[in-house]
Every structure is written in C-alpha cells, then in structure tokens.
Amino acid sequence: MADSNFIDYVKFCSRSGAGGAGSVHFRREKHVPKGGPDGGDGGRGGHIILRGSSQLWTLLHLKYKKHVIAEAGKNGEGGRRTGRDGQDIILEVPLGTVAKDAETFELRHEITEDGQEVILTRGGRGGLGNDHFKTATNQAPHYAQPGEEGIEEWIVLELKLLADVGLVGFPNAGKSTLLSSISAARPEIGDYPFTTLVPNLGVIPYRDDKSFVMADIPGIIEGAAEGRGLGIRFLRHIERNSILLFMIPTDAESISEQYRILLGELEKYNPELLDKKRLLAITKADMLDEGLMKEMEADVPKELPYVFISSVSQFNLDKLKDMLWQAIND
C-alpha cells in the first residue's frame, strides 16, 4: 500500500440518467378500421451503483472521476414497444466505504460485504405511453408522460478500514514496529516522528490457523482534534475496530497522562470510540528489569488491561496476542 496510492476520500458529482418519454402513437393496420393507441413506455434512466470489492484497498481509481454520468433511457415507440433502459454505471469500492451527501454529510450507504450493491443515485422513471390512458370515453388520447429527470448530486466517499484491532498512540510509540513484528505487513519504520503517513493493515496469525486483522494509523498528538498533526484525518479508520490497543513507550514521562491525552483526542473526534474495548501495551520494555516494571505499574490507569512488550526482542508478544484474541471473542 504505497503512500501516494492510498486514497481514502473522494468527492464527485453523481448524475443519473433521465427517463425516456412515453410514445404517442396509433395503430394503422389493414382490416382494423379503428386502430387504437399503442404508444409504448419510455425506458428507465441509468442508475449510479456502488459495488463492494474485496480486491480493492483504496479509492485511488476514483480520485480523478469528478463527474459520473449515467445514460438516459430511450423513448417509447409504437406497437407498445418500451424504450431501452439507460445503462447503469457501477463503481467498485473497497469494503468499509461510506457514502455521504457532500452538502449535508448525511450518511447514505455503507459497503461492508464483497459483492454488495446499493443504488447511489437512482435513474429517472420512464414515462407512460398513450396506450395507458385510453378509456371508454377517451379512446384516442393524444398525450403521454415525459420521462423523469435524472438526479444530480455531489457525493463524498470515505474509506474506513475494516480491522479487529486498531493501534492508537503518539508518534514513535512503536505501532509500526509491532505490526511488522507480528504480521507480514512492512510499514515504514524510522527514529523520527510521523514515519507512518498512511494507515497500514496486517493479518496477525494466531493458534490453530486462526487470525485477526490489525490497523496501524499515523500517530496522534495533543491538539489533533483542532487540526494538529496527521492522526485526526485517519481516525475514521478505527471507528469500525472492535478493540483499541493503546501503545505508550516506557520512556514516556507519564503513562497515565499520555493515556488521558489520547483518550481525550478520541472523545473530541467521536465520543462513541470510548465505548470500544481498550487494552494497553507498554512498549520498548526490553529496556526495563522486573523492578522497574513493578514501579511503572503504579502509573497505569486502573481497570485497564495492560502488558509490557518489546517488538524488537519479541518479549510478551504471544501474551499480547492472547489478550487481543480473548478481547475480540468475548
């Protein structure tokens, strides 16, 4: 998942096709002295449809689509012939994509399953031909319905990665190192802040051929909810995670204070995030002995399950996976 190729937000104009007009037509057949109306219906306008695809990971293929326009329906014809429906346009999107109205930000659709299809912008209905309007007192109607206009609207698509566990922490807390240690993911790792610029997914193998998915997002800093740093932009990717794994390094001045700041930023972004299960991994524990760990335990928030780990030395990584697996399945 290259940095330049990870697109999780697109905005475009979606315009469905107009319906075709109904036909005004009368039968003219030999040996039928009073041929009646036989105008056919207009065809439906094309829909704009979203389809989920498990083969896609970003919205990159939609980045440069500023206008998506479906075909209009064809007009009806005589002989009760219905016009052809306009061709639908199907936009394939990765699982976890949310469609919103660009003006009101109203949630329209969520795509969570492979092959799931929803109509994003519905095509106009085709008009009825004059065959539908004949009555005993009006046997030769000279009118038919026009087709309905298509709908034009601006749509926002946001991608929220689907994962079981979301990693939350300050820059350089060891999130990317953990992901690379227990999965095949290879995020960029460096000894400077914000080495992670885009979210990364990793499949974590577990016992008996089981596995779960972990999402690493760019580090959060204090004031992220007011626009500082990078993390607030990507917090949408942990909204769907069932477990939040907070990661705080052992060289932090105060574990409880860093946890409080991180929790506060999540609450400002979306208070519902606080309803998720939380675990704490105290990273870089290879620098500590048993005595120092005992001293630091006093600074851990109460009633928060925690474990000291080291991704470099593999210390307690199996214990961490056990805790995560139990939390996921509780």
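The chat below goes through the model step by step.

Modeller: Here it is. Keep in mind that this is a predicted model.

Biologist: Fine. How many helices and strands in the protein chain?

Modeller: Five helices and 14 strands.

Biologist: And what share of the 330 residues is buried?

Modeller: Buried residues come to 49%.

Biologist: What about contacts with a separation of 6 or more, how many link residues 24 or more positions apart?

Modeller: That share is 72% in the protein chain.

Biologist: Switching to annotation. Which residues does UniProt list for "binding site"?

Modeller: Ser-176 and Thr-196, from an unreviewed entry.

Biologist: Where does Ser-176 lie?

Modeller: In helix α1, which covers residues 175–182.

Biologist: Buried or exposed?

Modeller: Ser-176 has a relative accessible area of 7%. The cut-off for buried is under 20%, so Ser-176 counts as buried.

Biologist: Which side chain does the Ser-176 side chain contact?

Modeller: That of Asp-216, in a polar contact at 2.9 Å. Asp-216 sits in strand β11, residues 211–216.

Biologist: What is the nearest side chain of opposite charge to Asp-216?

Modeller: Lys-175, 4.7 Å away. A salt bridge needs a distance within 4 Å, so Asp-216 has none, although Asp-216 is buried.

Biologist: New topic. How do β5 and β6 run, parallel or antiparallel?

Modeller: Antiparallel, with four bridges joining residues 97–101 to residues 107–111. Val-98 faces Glu-110 of β6 across the pair.

Biologist: What's in the turn of that hairpin?

Modeller: Five residues separate β5 and β6. One of the turn residues, Phe-105, has a positive phi of about 60°.

Definitions and conventions. Residues are numbered from 1 along each chain as its sequence is written. This is a predicted model: local features need pLDDT of at least 70, side-chain atom pairs count only at pLDDT 80 or more; totals for chains, interfaces and linings use all residues. Side-chain values use heavy atoms; hydrogens and water are left out. UniProt positions are given in the numbering used here, feature names are shortened, and annotations may be inferred rather than shown by experiment. Helices (H or I, at least four residues) and strands (E, at least two) are DSSP runs, numbered from the N terminus. Buried means under 20% relative accessible area, exposed over 50%, partly exposed in between (1.4 Å probe, protein chains only). Two strands pair if DSSP finds at least two bridges between them. Lys and Arg count as positive and Asp and Glu as negative; His and the chain ends are not counted. A polar contact is a pair of N or O atoms within 3.5 Å; within protein, one must be able to donate a hydrogen and the other to accept it, and residues adjacent in sequence count only if both atoms are side-chain atoms. Contact means heavy atoms within 4.5 Å.
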